[in-house]
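Trainee: Please put the model up. I would like to work through it by question and answer.

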Amino acid sequence: MHQFFQQLLDGIASGALYGAMALSIVLVYRASGIVNFAQGEMAMFAAFIAWQSYAWGLPILVAILIAMVVAFFAGAVFERVLIRPFGTEPSGHAALVIVTLGLMLMLNSGAAWIWGHLVKEVPPVFGGGAISIAGGSMSRQNLGIILVVAVGAAVLFVLLQRTKSGLAMRAAASNPESARLSGIPVGRMLMIGWALAGAIGALVGALAAPTLFLQPNMMATLLMYAFAAATLGGFDSPVGALVGGLIVGVSENLAGTYIGFIGNEFKQAVALFIIMVVLLVRPQGLFGSRTVTRV
């Protein structure tokens with residue numbers, strides 16, 4: 001029982017990161033209708049910016065804040081320069097997917113060109129050591145990650161659901177033409193969606209860097225779990241992304257512990273299994289909206 005509870009705690013900590021990254025993927029999907037394959041590399045690049053700022057002598061929290069601001073504006077620029085020229089029509093989505101793949105390669109090789117492939121040491125934001133929780137233990141870093149993700153999700157919920165800007169963003173994402181006729185600046189709203197996704201990704205990258213070891217390929221595995229979380233929760237549901245992240249985190253931890261042939265080395269297959277089952281049984285995910293087509 002103790003082992004089960006410990007794995008549950010570890011899974012929740014991992015799932016918080018998966019959910020936060022899935023949330024950034026969902027924001028881009030709601031804004032542009034595409035899956036941004038470069039989201040992980042954007043987070044990785046921002047984590048390098050945080051590390052570089054820290055290496056220059058800034059406090060780690062200030063360094064992360066700088067990385068989030070840079071990623072916010074970078075996300076806006078990417079939307080304006082790389083995404084918007086292809087429009088929001090479904091016919092252009094294939095080209096947009098290819099563009100995001102190109103962006104992923106550019107950021108990966110750019111990080112390697114600037115900082116190299118050697119692993120950079122990033123200090124835990126919330127300090128070392130662990131605390132006891134009902135007989136189990138959790139590192140201060142993981143507990144801090146869970147709290148930060150919870151607060152960030154609450155702030156984002158208020159922004160999207162309780163403000164005029166959030167209402168305009170949701171209208172621009174759900175029906176651009178109607179929103180444009182209503183006087184909503186659709187382009188600006190979509191750009192803000194990309195910017196927010198960039199800032200959230202930067203936060204995830206900086207928080208994950210002490211555990212994943214900062215190097216250009218560090219986000220590959222986490223991005224796979226984030227895709228599984230977004231698929232499970234629903235690509236158009238921010239709440240679903242967070243819930244999906246927690247389910248994926250707990251599932252892969254328990255599967256790695258209690259299913260013998262999986263173990264810790266093969267538990268990444270759990271993400272692929274979840275994606276396949278959801279797409280076959282409930283393609284819109286647990287909280288996603290079902291697409292209705294008039295014939």
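Mentor: Helix H8 is mostly covered, with 20 of its 27 residues buried; buried means under 20% relative accessible area with a 1.4 Å probe, protein chains only. Helices (H or I, at least four residues) and strands (E, at least two) are DSSP runs, numbered from the N terminus. The model is predicted: local features need pLDDT of at least 70, side-chain atom pairs count only at pLDDT 80 or more, and totals for chains, interfaces and linings use all residues. Residues are numbered from 1 along each chain as its sequence is written, and side-chain values use heavy atoms, with hydrogens and water left out.

Trainee: At which residue does H8 bend?

Mentor: The bend is the angle between axes fitted to the seven residues ending at a residue and the seven starting there. For H8 that angle is about 25°. A proline, Pro-210, follows within four residues of the bend, which is at Ala-206.

Trainee: Which residue just after H8 takes a positive phi?

Mentor: H8 covers residues 186–212. Just after H8, a positive phi of about 70° is taken by Phe-213.

Trainee: Which residue stands opposite Gly-136?

Mentor: Strands E1 (residues 130–133) and E2 pair in the antiparallel sense over 4 bridges; pairing needs at least two DSSP bridges. They form a hairpin with 2 residues between them. Opposite Gly-136 in E2 stands Ile-133.

Trainee: Which side chains of E2 point to the buried face?

Mentor: Along E2 (residues 136–139) the side chains alternate.

Definitions and conventions. Buried means under 20% relative accessible area, exposed over 50%, partly exposed in between (1.4 Å probe, protein chains only). The expected span of a helix is 1.5 Å times one less than its number of residues.
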